Amino acid sequence: MRTAREIREEIEARFGFFPAFFEPAQDNPQVLENLWQQTLRAYVENSLPVLFREKLFAWLSRYCVVPYCLVCHACALRPLGMKSSQVLEFLEALPPAHGAIDEVLARMDATGKAPGDWPVPGAELEEDLFRCSVFLFVQQAQAERCRERIRRLLSPMFYGHLTAFLAYVKACHLWVEAHPELSYEADPRVRENLGPMLREEPRLGDFFARYGERVRTEREQRERELLEAAEAGQRAEALSRTLSRQAEALRESETHLRLAVESTALGTWDFNPRTGELRWDARCKALFGVPAAAEVDYATFLSGVVPEERARLDAAVGQVLGPGSDGEFREEFRIRGLLDGVERWISSRGRCFFDAQGRAKRFIGTVLDVTERRRAEDNLRFLAQASTLLATSLDYEDTLRRVATLAVPMLADWCGVDVVDERGRLHRLLNLHRDPSKLRLSEEVHRRYPIDPNATVGSPQVLRTGESLLIPEITDEGLAQYARDAEHLRMLRELGLRSYLVVALRSRERVLGALTLVRAETGRRYGQDELRLAEELARRAAVAVDNALLYSEAQKAIGLRDGFLQVAAHELRTPVTALKLNVQALVTSARREEAWSERTVARMMGLERGVGRLGVLVDELLDVSRITSGRLVLHPEELDLAGLVREVAERIHSEAERAGCTLRVLVPGPVVSRWDRLRLEQVLSNLLSNALKYGAGRPVEVALSGSGERVLLRVRDEGIGIDAAAQERIFERFERAVSDRHYGGLGMGLWITREIVTAMGGTIRVESAPKQGATFTVELPRV
């Protein structure tokens with residue numbers, strides 16, 4: 001069955017909008033589908049001449065509460081060539097009298113045969129067809145002779161379309177009667193499309209403005225007449241009088257009941273609180289599992305309601321029938337068929353009428369099977385719960401265990417999960433049963449009779465084809481064919497298998513395994529609805545499992561990368577250290593000996609700085625491997641942080657001069673505590689190097705302050721600044737706020753700095769804006 005959204009999209013595609021006529025059913029796919037298909041067949045795709053059909057609809061609107069233009073089209077008369085005044089005439093005036101019917105029939109008898117084609121539009125014969133159609137609509141019981149002649153007048157196709165159209169108008173009447181909130185004003189599209197007509201004929205606006213009031217007045221008048229006639233035992237006469245006075249189609253008409261079943265699946269009930277008499281129609285009896293010929297009473301109704309709902313329903317009915325009630329009844333409840341035992345969800349709407357003394361005298365209403373909607377809501381909750389559970393684990397075995405635990409007992413009495421290993425072999429990963437004794441038995445069956453990868457049924461078949469397998473009912477013959485020997489058959493029978501389905505765990509066009517669901521003790525059977533639900537569960541589970549596997553592979557790759565970085569850094573450190581020592585010796589020698597030119601000395605000093613930078617990069621790689629492997633070890637000692645700040649600032653002074661920066665150091669007296677000297681020196685060097693790099697040519701300031709148990713270290717530059725969106729990202733590995741084309745480095749310094757500070761129990765943050773510099777603040781505890 002299609003979803004309500006899919007049906008709505010089809011309606012909108014057909015009309016360009018969603019008519020208000022369908023809105024009461026927009027959340028119930030079964031009713032919406034029935035209503036739409038009948039509208040499609042009997043109205044939209046009807047082959048009757050369009051002008052005839054629309055004029056007839058406008059006339060018949062005078063006999064029911066369906067405002068013309070409300071159903072699908074926003075008044076089709078004007079586009080068919082009708083003037084605004086003609087449209088108003090059709091809407092306000094009653095159809096012609098029925099006296100000409102006999103003349104039409106006489107002419108048909110005289111000719112001996114009916115014309116094969118549709119009468120000429122506007123001809124007298126077509127006008128007589130209008131009259132006959134109205135007569136058929138209003139006087140069904142007296143229309144058999146007329147009906148027989150129209151069959152002869154029209155071809156079988158045209159006659160079938162005419163009767164389908166008349167039945168559809170009555171279905172619309174029943175639908176709008178069940179949903180009085182529908183009105184002409186409910187659809188703004190109507191006013192939009194009628195705008196030119198309303199400007200041309202303003203009285204049309206008055207007609208539609210009074211339409212709702214006229215409908216309500218006629219409805220109340222009809223209700224009063226029906227009730228008076230019922231009390232006097234004159235129901236049939238009252239119904240006939242109401243029909244002749246342009247009332248709606250009769251609620252208790254056999255045709256109405258049939259249309260109710262076909263178009264809306266509604267059942268009706270009528271209760272007399274004074275006599276206790278209760279009447280159910282055939283649909284109502286079918287929902288409650290009562291034979292069509294059976295007598296029912298209020299006790300029958302209560303006995304059909306599940307025990308846990310009875311007291312609430314009885315109280316709700318009593319409140320509606322009691323004095324001071326507004327007479328409105330709307331309830332949803334669960335019933336259990338009195339004969340078939342099938343549980344259903346029922347939505348009931350009713351209205352209680354009171355006499356002049358305020359005593360309840362009649363209670364009427366409808367029932368609608370909303371089991372599918374409630375089941376869909378339960379399924380959505382189930383899938384939402386499944387998604388929540390699946391999102392909480394990145395271990396694929398744990399993920400599949402959660403799926404199996406959720407499926408039992410919601411979807412199955414027994415659940416098995418089979419997966420494909422790295423070698424492509426199938427093995428049972430999980431086995432879960434609601435009955436522990438049956439779980440042991442199922443595990444014994446699997447141990448003694450392992451899965452045959454070449455089997456033509458079960459999970460091997462699903463894994464080969466990727467297609468789901470559904471066996472609604474497991475018969476003893478089926479078990480006998482599946483069993484490998486007599487003992488296997490005995491064990492399978494002891495498991496009590498009743499219904500079976502298998503769905504593939506598929507993600508990214510790859511089948512990861514299969515989910516097997518079995519119903520046993522509950523006796524319920526799997527169908528297409530359960531299959532679709534299981535497939536959706538399997539799809540979500542497969543995505544979660546795939547993500548878990550990808551995460552595991554990513555972790556392995558990260559481990560290999562970190563191992564490579566550690567080995568590479570260690571291998572690079574020795575030659576880089578030797579190179580650094582040799583370059584330093586050359587620079588020292590060049591400075592002492594006058595034989596070296598100033599240009600050569602400058603180049604060698606640049607080489608020394610480059611080798612120093614290379615050494616820093618190697619150290620950063622080593623720090624990355626230590627931090628990611630959890631081997632970052634701190635060696636705290638008694639340390640004056642103020643002295644360390646001055647020392648690092650002095651060491652970096654020459655680098656600041658090369659960058660054109662004035663380095664200001666603002667530190668108080670001694671700030672002493674226990675910290676790791678080398679790591680804090682590394683933090684200071686990273687922050688100052690960044691400040692000199694991104695704030696070249698401008699002042700850089702380093703400040704230290706201590707208060708109580710915390711110490712604040714700030715490094716501020718007046719450089720290019722950092723965009724707000726990048727301020728969190730720059731503390732991650734291999735991240736930077738600007739392109740590495742203009743600024744070198746691995747993008748690891750701030751990440752290493754944050755990890756060191758965090759390991760010391762501190763925090764680091766940045767305050768910055770583009771072109772306004774940046775201030776990095778490190779907050780450390782005093783130990």
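I took contact to mean heavy atoms within 4.5 Å. This is a predicted model, in which local features need pLDDT of at least 70, side-chain atom pairs count only at pLDDT 80 or more, and totals for chains, interfaces and linings use all residues. Residues are numbered from 1 along each chain as its sequence is written, and side-chain values use heavy atoms, with hydrogens and water left out.

**Entry 1: R373**

I looked up R373 and found it in helix α17, residues 371-390. Helices (H or I, at least four residues) and strands (E, at least two) are DSSP runs, numbered from the N terminus. Is R373 buried or exposed? R373 is buried, at 18% relative accessible area. Buried means under 20%, exposed over 50%, and partly exposed in between, with a 1.4 Å probe and protein chains only. Leaving out residues up to four places away in sequence, I noted that R373 touches D27 and E332. D27 is 346 residues from R373 along the chain, yet their C-alpha atoms are separated by 7.9 Å.

**Entry 2: the sheet with β1 to β5**

I traced an open sheet of five strands, in the order β2-β1-β5-β4-β3, with antiparallel pairing. Two strands pair if DSSP finds at least two bridges between them. The edges are β2 (278-280) and β3 (328-336); each has a single partner strand, so one side of each has no neighbour in the sheet. From one strand to the next, the twist averages 20 degrees. Axes here are lines fitted to C-alpha atoms, for helices over the stretch in contact, and angles run from 0 to 180 degrees between N-to-C directions.

Strands β4 (residues 343-354) and β5 (residues 360-369) are joined in the antiparallel sense by nine bridges. R351 faces I364 of β5 across that pair. Which strands does helix α16 touch? Helix α16 (residues 307-321) packs on the sheet against β1 (266-271), β3, β4 and β5, and its direction makes about 160 degrees with that of β3. Helix α17 also packs on the sheet, touching β3, β4 and β5, at about 125 degrees to the direction of β4.

**Entry 3: the sheet with β6 to β10**

I found an open sheet of five strands with the order β7-β6-β10-β9-β8 and antiparallel pairing. Here β7 (426-433) and β8 (469-471) are the edge strands, each with a single partner, so one side of each lacks a neighbour in the sheet. The twist averages 15 degrees from strand to strand. β8 pairs with β9 (residues 499-507) over three bridges, in the antiparallel sense. L470 sits opposite L501 of β9. Helix α19 packs on this sheet, touching β6 (414-420) and β7, and its direction makes about 165 degrees with that of β7.

**Entry 4: α19 against α22**

I followed α19 (residues 436-448) to its contact with α22 (residues 486-495): the angle is about 155 degrees and the axes are 10 Å apart. That makes α19 roughly antiparallel to α22, the label for angles over 145 degrees. On the α19 side I listed K438, L441, S442, E444, V445 and R448; on the α22 side, E487, H488, M491, L492, E494 and L495. By class, this contact has five nonpolar, two polar and five charged residues. Ala, Val, Leu, Ile, Met, Phe, Trp, Tyr, Cys and Pro count as nonpolar, Asp, Glu, Lys and Arg as charged, and the others, Gly among them, as polar.

**Entry 5: α27 against α28**

I found helix α27 (residues 677-694) packed on α28 at about 145 degrees, with axes 10 Å apart. The contact uses R679, Q682, V683, N686, L687 and N690 of α27, and G749, L750, I752, T753, I756 and V757 of α28. Its classes are six nonpolar, five polar and one charged. In α28 (residues 749-759), the buried residues include W751. Just after α28, G761 takes a positive phi of about 85 degrees.

**Entry 6: β17**

How many residues of β17 are buried? In strand β17 (residues 774-781), seven of eight residues are buried. β15 (residues 710-717) runs antiparallel to β17, joined by eight bridges. R714 stands opposite T777 of β17. β16 (residues 763-768) is also antiparallel to β17, with six bridges. T763 has E779 of β17 as its bridge partner. The hairpin of β16 and β17 has five residues between the strands, and K771 there takes a positive phi near 65 degrees.

Notes: Angles under 35 degrees count as roughly parallel, over 145 as roughly antiparallel, 65 to 115 as roughly perpendicular and the rest as oblique.
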